Amino acid sequence: MSTVELTAANFDQVVSENDFVIIDFWADWCMPCRQFAPTYEKVSGNHDDIVFASVDTEAEQQLAAAFDVRSIPTLAVIRDKTVIYAQPGALPEKTLEDLIQQARDVDMDKLKEEAQEA
């Protein structure tokens, strides 16, 4: 599956219609972003149940600001309309796969319950 271009215009729709979304915040001038792109694209092909999205931080500054992106590349993981991970850094393939497995393993009911109690 190829990545989806995420914009302010389609963000709500993509997140509300999909239970699991991973977002790569990038810019064309960013060398680490360009080096990470093939890994991100390759891993996206291993997970048909996940939407792999990308946000061009130059074109979508408002969206990048909403996620408080200060360094790129930054990855964000959204499950059930909840951000469960957001960190800068290009990940090697194995580490990205590990992150996806950890995100799959999150008990979303428990996480939401803890958030309501806090």
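Helices α2 and α4 pack with their axes 10 Å apart and at an angle of about 45°. Here, axes are lines fitted to C-alpha atoms, for helices over the stretch in contact, and angles run from 0 to 180 degrees between N-to-C directions. α2 is therefore oblique to α4. Angles under 35 degrees count as roughly parallel, over 145 as roughly antiparallel, 65 to 115 as roughly perpendicular and the rest as oblique. The crossing of α2 past α4 is right-handed. A crossing is right-handed if the near helix is turned clockwise from the far one by less than a right angle, and left-handed if anticlockwise. On the α2 side, the contact is made by Phe-36, Thr-39, Tyr-40, Lys-42 and Val-43. Glu-93, Leu-96, Glu-97 and Ile-100 contribute from α4. Contact means heavy atoms within 4.5 Å.

The model is predicted: local features need pLDDT of at least 70, side-chain atom pairs count only at pLDDT 80 or more, and totals for chains, interfaces and linings use all residues. Residues are numbered from 1 along each chain as its sequence is written, and side-chain values use heavy atoms, with hydrogens and water left out.

Helix α2 spans residues 31-44. Its 14 residues reach 20 Å from the first C-alpha to the last, close to the 20 Å expected at 1.5 Å a residue. The expected span is 1.5 Å times one less than the number of residues. Helices (H or I, at least four residues) and strands (E, at least two) are DSSP runs, numbered from the N terminus. α2 is kinked by about 30° at Ala-37, shortly before the proline Pro-38. The bend at a residue is the angle between axes fitted to the seven residues ending there and the seven starting there.

Several α2 residues are buried: Cys-33, Phe-36, Thr-39, Tyr-40, Val-43 and Ser-44. Buried means under 20% relative accessible area, exposed over 50%, and partly exposed in between (1.4 Å probe, protein chains only). The cover over these buried residues includes strands β2 (20-26), β3 (51-56) and β4 (74-79), together with helix α4 (93-105).

Glu-97 sits in helix α4. Glu-97 counts as partly exposed because its relative accessibility is 22%. Val-43, Asn-46 and His-47 touch Glu-97, not counting residues up to four places away in sequence. Between Glu-97 and Asn-46, the C-alpha to C-alpha distance is 9.2 Å, at a sequence separation of 51 residues.

The loop between α3 (61-66) and β4 contains Pro-73. A cis peptide bond links Ile-72 to Pro-73, with omega of about 0°. Asp-68 is also placed in the loop between α3 and β4. Its phi is near 55°, a positive value in a residue other than glycine. Asp-68 is partly exposed, at 46% relative accessibility.

Asp-80 belongs to the loop between β4 and β5 (82-88). Phi of Asp-80 is positive, about 50°, although the residue is not a glycine. Asp-80 is partly exposed, with 26% relative accessibility.

Val-106 lies in the loop between α4 and α5 (108-117). Its relative accessible area is 27%, so Val-106 is partly exposed. Val-106 touches Arg-79, Ile-84 and Leu-111, not counting residues up to four places away in sequence. Val-106 and Leu-6 are 100 residues apart along the chain, and their C-alpha atoms are separated by 24 Å.
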